[in-house]
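Please find below my comments on the model, arranged as numbered points.

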Amino acid sequence: MTLKEAKELVGNQDTTSLRNMIKALNMLTALNTPEDWQRLEAAKVVLKARNKNLKASINRGARLG
């Protein structure tokens with residue numbers, strides 16, 4: 001799943017909401033529908049991309065300062 005596809009599925013949600021979504025969808029996976037599984041994967045993709053961007057920003061700041 002691409003980042004663009006993932007963002008379309010989960011929408012414009014803040015990081016805390018994405019983390020909560022991941023926790024909730026991981027609680028009782030037996031009850032997840034195919035759409036829930038897609039939403040779970042999408043939330044993980046978006047969160048991973050945000051973390052990667054955050055780390056890159058911190059590293060750039062450390063080099064400049």
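1. A salt bridge is here a side-chain nitrogen of Lys or Arg within 4 Å of a carboxyl oxygen of Asp or Glu. The model is a predicted one, in which local features need pLDDT of at least 70 and side-chain atom pairs count only at pLDDT 80 or more, while totals for chains, interfaces and linings use all residues. Residues are numbered from 1 along each chain as its sequence is written, and side-chain values use heavy atoms, with hydrogens and water left out.

2. A search of the whole structure finds 1 salt bridge, and the side chains of aspartate 36 and arginine 39 meet in a salt bridge at 2.8 Å, N to O. Both residues lie in helix α3, 3 residues apart, or about one turn of the helix; helices are DSSP runs of H or I with at least four residues, and are numbered from the N terminus.

3. Aspartate 36 counts as buried because its relative accessibility is 15%, whereas arginine 39, at 31%, is partly exposed (buried is under 20% relative accessible area, exposed over 50%, partly exposed in between, with a 1.4 Å probe and protein chains only).

4. Met27, Leu28 and Leu31 form a nonpolar surface patch with about 390 Å² of accessible area together (patch residues have over 30% relative accessible area and no salt bridge, and nonpolar side chains, Val, Leu, Ile, Met, Phe, Trp or Tyr, are joined within 5 Å, like charges within 9 Å; areas come from the Shrake-Rupley method with a 1.4 Å probe, and for residues only the protein chains shown count as cover). Leucine 31 sits in the loop between α2 (15-27) and α3 (34-64), and counts as exposed at 61% relative accessibility.

5. Lysine 7, in helix α1 (residues 3-10), is partly exposed at 47% relative accessible area. Lysine 7 and valine 45 are 38 residues apart in sequence and 8.7 Å apart in space, C-alpha to C-alpha.

Key. Helix = DSSP H or I, 4+ residues; strand = E, 2+ residues; numbered from the N terminus.
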